[in-house]
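Keep the 3D view open as you read, and find each part as it comes up.

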Amino acid sequence: MPVLEVDNITKLYGESVAVDTLSFTIDQGETYGLLGPNGAGKTTAISMIVGVLDRDAGQVRVGGRPHSPADRRSKALIGYVPQDLALYHDISARENLRFFTKLYGMSRAAAAREIERVLEAVGLADRADDAVRTYSGGMARRLNIAIGLLHRPKLLILDEPTVGVDPQSRNAILASVRELAGEGVAILYTTHYMEEAERLCDRIGILDGGRLRAEGTRRELVGLVGEHDQVVFKVEGDPAHAVPVLEAAPGVGRVQRVEGEDGEVVAFVADARAAMTELMAAVAAGGVAVRSVEVREPDLEAVFLHLTGRALRD
Amino acid sequence: MKALAFALLGLRRFFRERTNLFFVVLMPFLMIFMMGLMFGGTSQVRLGVSGATGEPLAARLVASLGADDDVEVVRVGSRDDLVSRVERGELHAGLAIPAGYDTTLRAGGRVTLQQITRPGDIAGLTAGALIASVVPKEAAPIKAAGFAAAQGAGTFDETYRAALGSAVPGLDVKVTTTGEAVMPHGAAGFGIWAPPLLLLYTFMTALIAGVGTVENRRLGVTRRAYSTPTSAGSIVLGETLGKLVITLAQGLTVMLGSALLFGVDWGSPPGAAALVVAFILVGAGAATLLGSLMRTEAQAVSVAVILGLGLGGLGGTAVPLESFSDTMRTVAHVTPHAWAYDAFTRLVRHGAGLADILPTVALLTAAAIALFTLGAWHMHRALTR
Ligand SMILES: Nc1ncnc2c1ncn2[C@@H]1O[C@H](COP(=O)(O)OP(=O)(O)O)[C@@H](O)[C@H]1O
Ligand SMILES: [Mg+2]
């Protein structure tokens with residue numbers, strides 16, 4: 001039985017649809033990634049799932065039971081790490097943690113034990129009694145995560161936990177998420193970093209404009225693009241001129257302009273290495289001034305581009 | 001109880017800030033001293049006397065002056081001392097008895113008493129009126145004895161004793177008041193000013209607590225707390241509880257301190273305590289609502305100050321309710337201040353007890369619960385929209 005079942009949840013802000021009939025499930029021990037650019041609706045979706053935001057339609061089931069904002073029993077199963085730091089800055093990490101153990105209704109003994117455990121897990125044990133205001137951004141982020149782990153949740157929900165974090169903290173965060181998954185925790189992880197989703201998640205949902213565009217394992221998603229490599233040309237002047245030239249070149253399946261990326265045109269080919277010489281010749285003959293060429297093997301970035309016609313990076 | 005976790009954390013964070021500690025401790029003492037200066041001992045007129053107070057006739061005069069419960073007679077060493085103490089306001093009025101008071105009178109001579117007051121001091125006027133009524137009464141048997149002695153009816157001592165013993169007919173005025181006086185209490189009539197000041201102060205302090213709630217919402221801590229198995233009610237109760245305790249402690253300290261140190265009259269202690277607690281609860285309820293409605297701390301502070309002063313003014317804590325027109329007085333009772341003011345009036349002026357003002361205490365408590373419930377409901381909405 002899935003730990004989390006999300007069934008057609010929808011959120012409207014006035015006229016605009018922030019989350020549009022979103023559905024997915026997460027099993028025990030599974031890490032599910034919601035990948036999407038800023039404004040895709042990740043935080044809105046997560047807030048509805050956690051139960052800190054009313055939904056306009058749809059159902060959420062946690063541990064098989066229907067879940068809503070007023071439902072305290074299922075909230076006890078969820079660990080929530082919000083995107084923005086939700087901490088008291090004028091007290092220590094330990095005091096922050098102690099406060100939340102009380103909200104989770106933990107006994108004194110359990111609280112003391114779990115506080116030490118999570119401090120150790122996020123590597124804050126030696127600074128636990130310093131005021132949070134003296135922490136680096138990465139340390140504060142790690143404390144933000146630690147709070148979500150205190151009560152050993154069945155379902156851990158992390159909303160872009162690595163934004164603005166130094167590489168070392170980031171690796172530590174990813175490592176502890178993987179460890180938790182290994183212990184059987186179901187994890188919902190949102191990010192707009194493709195590499196994180198690829199490294200961490202068993203399954204990934206691609207979210208854009210509030211809608212789930214595709215879902216599956218990395219391999220399944222990459223499969224959507226076809227067996228294609230991408231050759232990315234950065235050209236001088238109007239890239240519209242380059243499109244027909246590339247389309248006419250031998251071995252090219254499809255050509256796409258990249259929105260938002262200045263002067264980028266992508267040619268999809270079966271084998272980039274084999275096609276390269278002929279491509280360059282065609283471009284030169286067509287009078288296209290090329291500034292740079294880059295070969296990309298299919299990844300989630302390519303999948304996103306394929307699905308939405310836009311780059312994932314913002 | 002989860003609300004307690006919020007309250008304890010709130011208190012800890014509050015007291016960690018040194019300036020808060022300073023204000024929390026200092027404010028009540030400032031209030032106590034202010035009240036002491038303004039209203040201290042107002043139920044009694046302090047009348048100083050200097051001079052030959054040990055001589056029998058002078059001693060009788062002083063005793064007569066002090067016979068009134070509302071007058072406290074203070075013996076002062078010299079006339080100069082008397083003048084300076086009246087000037088400083090330590091004494092409401094002074095009466096200087098000249099040297100040789102007894103000797104001169106017994107010899108049939110004339111003595112001039114000197115009355116010292118400050119201009120515009122109502123208590124001083126009261127003391128003057130007292131002196132003006134006591135002195136002729138004392139003078140009458142002295143004059144009679146002097147006259148009889150001069151007629152050869154015996155020594156001054158003999159005729160004086162006889163004059164005191166005889167029921168000499170004379171004129172007396174007995175004063176009764178009717179109707180409700182605007183500010184009748186005590187000789188000075190200031191006593192009723194302490195409660196309004198306390199009401200204004202405590203309500204404002206309680207309202208300011210709502211600002212912390214807004215801060216926690218902005219920090220995202222409130223929402224995160226709502227992601228745990230914690231109800232919106234516990235959250236808002238907890239947010240307000242800590243500050244409520246502080247406000248209550250401050251209010252009761254001011255009452256107790258001003259009563260003990262300066263004799264400020266708050267009426268029946270259980271009545272006054274219950275009233276202030278109920279009133280502060282209303283303030284805390286309003287703070288809860290405020291904390292759930294406002295988006296920024298700056299907004300919350302301005303609204304708290306405007307509401308605190310506005311409701312206070314409308315409720316009779318700036319200009320007394322008694323001077324309001326009937327319509328305005330009715331309108332004023334939308335504020336908890338007016339209800340508390342009325343109840344304090346009964347406690348202080350009419351010697352009412354807790355039982356007499358229980359309806360007001362109940363009404364205020366009900367209002368507090370209503371405000372709190374509304375705040376909790378709105379907090380849930382504010383968090384989940
Ligand atoms: N409280 C709100 N009121 C109005 N619009 C909102 C609100 N919160 C989010 N949105 C809009 O909903 C969309 C999704 O936002 P969000 O869930 O924060 O995206 P993400 O977390 O993926 O960056 C955005 O267009 C955003 O502007
Ligand atoms: Mg977000």
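## Where the chains meet

The contact takes 25 residues from chain B and 33 residues from chain A. This is a predicted model. How is the size of an interface often given? The usual figure is the accessible area lost when the parts come together. Here the area buried between chain B and chain A is about 2600 Å². Carbon and sulfur atoms give 60% of that area. On the chain B side, B:Arg224, B:Ser227 and B:Pro229 supply 27% of the area that chain B buries against chain A.

Four helices of chain B each supply at least two residues of the side that touches chain A: H1 (2-16), H8 (194-219), H9 (221-227) and H15 (354-384). The largest share, eight residues, comes from H1(B). By class, this side of chain B has 10 nonpolar, eight polar and seven charged residues.

## Salt bridges across the interface

Side chains of opposite charge can pair when their charged atoms come close. How many salt bridges does the rule find across the interface of chain B and chain A? It finds three.

## Salt bridges within the chains

Over all chains, the structure holds 26 salt bridges. One of them joins A:Glu160 and A:Lys42, whose closest N and O atoms are 3.3 Å apart. This pair links distant parts of the chain, 118 residues apart. A:Glu160 lies in the loop between strand S7 (155-159) and helix H6 (167-182) of chain A, while A:Lys42 lies in helix H1 of chain A.

Another pair in chain A is A:Glu294 with A:Arg296, at 3.2 Å from N to O. A:Glu294 is partly exposed, with a relative accessible area of 40%. A:Arg296 counts as buried, at 14%. In chain B, the side chains of B:Glu297 and B:Arg218 meet at 2.8 Å, N to O. That pair also links distant parts of its chain: B:Glu297 is in helix H12 (residues 297-314), B:Arg218 is in helix H8, and they are 79 residues apart. Back in chain A, salt bridges that share partners join A:Arg113, A:Glu114, A:Arg117 and A:Arg152 into one network.

## The magnesium ion

Which residues coordinate the magnesium ion (ligand 2)? They are A:Thr43, through OG1, and A:Gln83, through OE1, at 1.9 to 2.1 Å. The two residues are 40 residues apart. A:Thr43 sits in helix H1 (residues 42-50) of chain A. A:Gln83 sits in the loop between strand S6 (78-81) and helix H3 (93-103) of chain A. A:Thr43 is partly exposed, with a relative accessible area of 30%. A:Gln83 is partly exposed too, at 23%.

## Chain A as a whole

Chain A has 11 helices and 14 strands. Its C-alpha trace spans about 75 × 40 × 35 Å along its principal axes. Of its 314 residues, 56% are buried. Now take the contacts in chain A with a separation of 6 or more: residues 24 or more positions apart account for 69% of them.

A:Ile9 gives a close-up. A:Ile9 lies in strand S1 (residues 4-13) and is buried, with a relative accessible area of 0%. Leaving aside neighbours within four places in sequence, A:Ile9 is in contact with residues including A:Val19, A:Leu22, A:Ala45, A:Met48 and A:Val60. A:Ile9 and A:Asp56 are 47 residues apart in sequence and 7.4 Å apart in space, C-alpha to C-alpha.

## A buried threonine in chain B

B:Thr335 lies in the loop between helix H13 (326-332) and helix H14 (336-349) of chain B. B:Thr335 counts as buried, because its relative accessibility is 0%. Its side chain reaches the backbone oxygen of B:Ala332 at 2.7 Å. A polar atom of that side chain also lies 3.1 Å from the backbone nitrogen of B:Ala338. Not counting residues up to four places away in sequence, B:Thr335 touches B:Leu311, B:Leu314 and B:Gly315.

Notes: Residues are numbered from 1 along each chain as its sequence is written. Chains are lettered from A and ligands numbered from 1 in the order in which they are written. This is a predicted model: local features need pLDDT of at least 70, side-chain atom pairs count only at pLDDT 80 or more; totals for chains, interfaces and linings use all residues. Side-chain values use heavy atoms; hydrogens and water are left out. Buried means under 20% relative accessible area, exposed over 50%, partly exposed in between (1.4 Å probe, protein chains only). A polar contact is a pair of N or O atoms within 3.5 Å; within protein, one must be able to donate a hydrogen and the other to accept it, and residues adjacent in sequence count only if both atoms are side-chain atoms. Contact means heavy atoms within 4.5 Å. Buried area is the accessible area (1.4 Å probe) that two parts lose on being put together, summed over both. A salt bridge is a side-chain nitrogen of Lys or Arg within 4 Å of a carboxyl oxygen of Asp or Glu. Ala, Val, Leu, Ile, Met, Phe, Trp, Tyr, Cys and Pro count as nonpolar, Asp, Glu, Lys and Arg as charged, and the others, Gly among them, as polar. Donors are N, O and S atoms within 2.8 Å of the metal (3.2 Å for Na, K and Ca); water is not among the atoms, so sites may look incomplete.
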